Amino acid sequence: MRAPVLTMLLISQLNTAPLAAQPATGPGRLAGFADVADLTLAAPMIVRATITRASAAPARTAGVAPAGRVRLTVTAAVSNPLLAPGPIAATLSFLWDAPIDARARVPNVKAMEILAFLGPPDASGATRLISSRAVQPWDPALADQVRAILAENRTGTVPVINGVTSGFRADGTIPGESESQFFLTSRDGRPVMLVVQNRPGEVRRVLVARGDIIDESAERVRPNTLLWYRLACFLPATLPAAAGGTDPALARDWRDALASLGPCGRTG
């Protein structure tokens with residue numbers, strides 16, 4: 001029995017098709033961890049696939065691609081689902097606005113391996129790419145990063161941060177020693193505390209504790225992890241006045257903590 005074909009249609013604000021949107025331009029390469037995390041956490045389905053056929057899509061039914069692009073109808077064979085809501089078809093088809101080459105020719109994408117970030121299929125078996133960058137050239141390092149994010153997310157132990165409600169600061173017993181504690185809000189309602197410890201001659205420590213007590217379970221924030229992403233990309237750059245931002249020393253510790261985390265780096 002022949003397997004059903006899932007039609008992957010890209011997103012476009014100009015689309016009027018009843019089942020899915022027109023393709024958006026792509027792929028745009030992902031610049032860093034935050035871009036990868038944005039796609040990974042938003043996608044109900046992620047697959048590795050190989051393009052087996054590509055042809056110009058009829059303008060009458062598929063519309064016209066933006067300047068510098070050509071709209072292709074692509075057939076791709078799935079070789080490995082990294083994430084799936086259930087059984088999926090072995091062959092996928094989708095519209096893709098591929099960049100034309102320097103001679104304005106249709107690119108040869110046959111045998112190109114891709115990593116695709118997809119929405120769930122509808123009743124007819126059609127699905128969509130979740131963004132204009134949801135088709136990426138296959139890269140083992142990128143796939144490993146996606147798998148690591150999925151694995152961390154599945155544990156359910158990394159809080160989804162919504163904001164900061166309050167903070168306080170206490171000086172230590174020696175000059176230059178201090179500790180600031182910021183109380184964060186999370187989607188699951190459980191307490192989350194961001195702790196900033198400053199000691200003379202030592203690298204500033206930024207910890208996250210789940211609860212009202214700082215103990216051995218407090219976790220140091222490591223770069224390019226799901227916890228780092230949810231702090232660096234979703235906390236405000238400046239401490240709100242209602243959370244203690246009118247206190248210069250507390251506001252400085254907040255800025256220093258975010259500087260220690262580093263910039264989010266999102267480009268999408």
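1. In this predicted model, the buried residues of helix α1 are Phe33, Ala34, Asp35, Val36, Ala37, Leu39 and Thr40. The helix spans residues 33-42, and with seven of its ten residues buried it is mostly covered.

2. The cover over α1 involves both strands and helices. Its buried residues pack against strands β2 (45-56) and β5 (113-118), and against helices α3 (140-155) and α4 (226-232).

3. Arg133 sits in the loop that links β6 (126-128) to β7 (135-137). Its relative accessibility is 17%, so Arg133 counts as buried, the cut-off being under 20%. The Arg133 side chain has a polar contact, at 3.2 Å, with the side chain of Thr267.

4. Strands β8 (residues 161-171) and β9 (residues 178-186) run antiparallel and are joined by nine bridges. Within this pairing, Val164 has Leu184 of β9 as its bridge partner. Six residues lie between the strands of the β8 and β9 hairpin, and Gly176 in that hairpin takes a positive phi near 90 degrees.

5. Strand β9 also pairs with β10 (residues 192-198), again in the antiparallel sense, over seven bridges. Here the bridge partner of Glu179 is Gln197 in β10. The hairpin of β9 and β10 has five residues between the strands, and its Gly189 has a positive phi near 80 degrees.

6. On the pairing of β9 as a whole: the strand is bridged to β8 and to β10. Each of the two hairpins contains a glycine with positive phi, Gly176 in the hairpin of β8 and β9 and Gly189 in that of β9 and β10.

How values were computed: Residues are numbered from 1 along each chain as its sequence is written. This is a predicted model: local features need pLDDT of at least 70, side-chain atom pairs count only at pLDDT 80 or more; totals for chains, interfaces and linings use all residues. Side-chain values use heavy atoms; hydrogens and water are left out. Two strands pair if DSSP finds at least two bridges between them. Helices (H or I, at least four residues) and strands (E, at least two) are DSSP runs, numbered from the N terminus. Buried means under 20% relative accessible area, exposed over 50%, partly exposed in between (1.4 Å probe, protein chains only). A polar contact is a pair of N or O atoms within 3.5 Å; within protein, one must be able to donate a hydrogen and the other to accept it, and residues adjacent in sequence count only if both atoms are side-chain atoms. Contact means heavy atoms within 4.5 Å.
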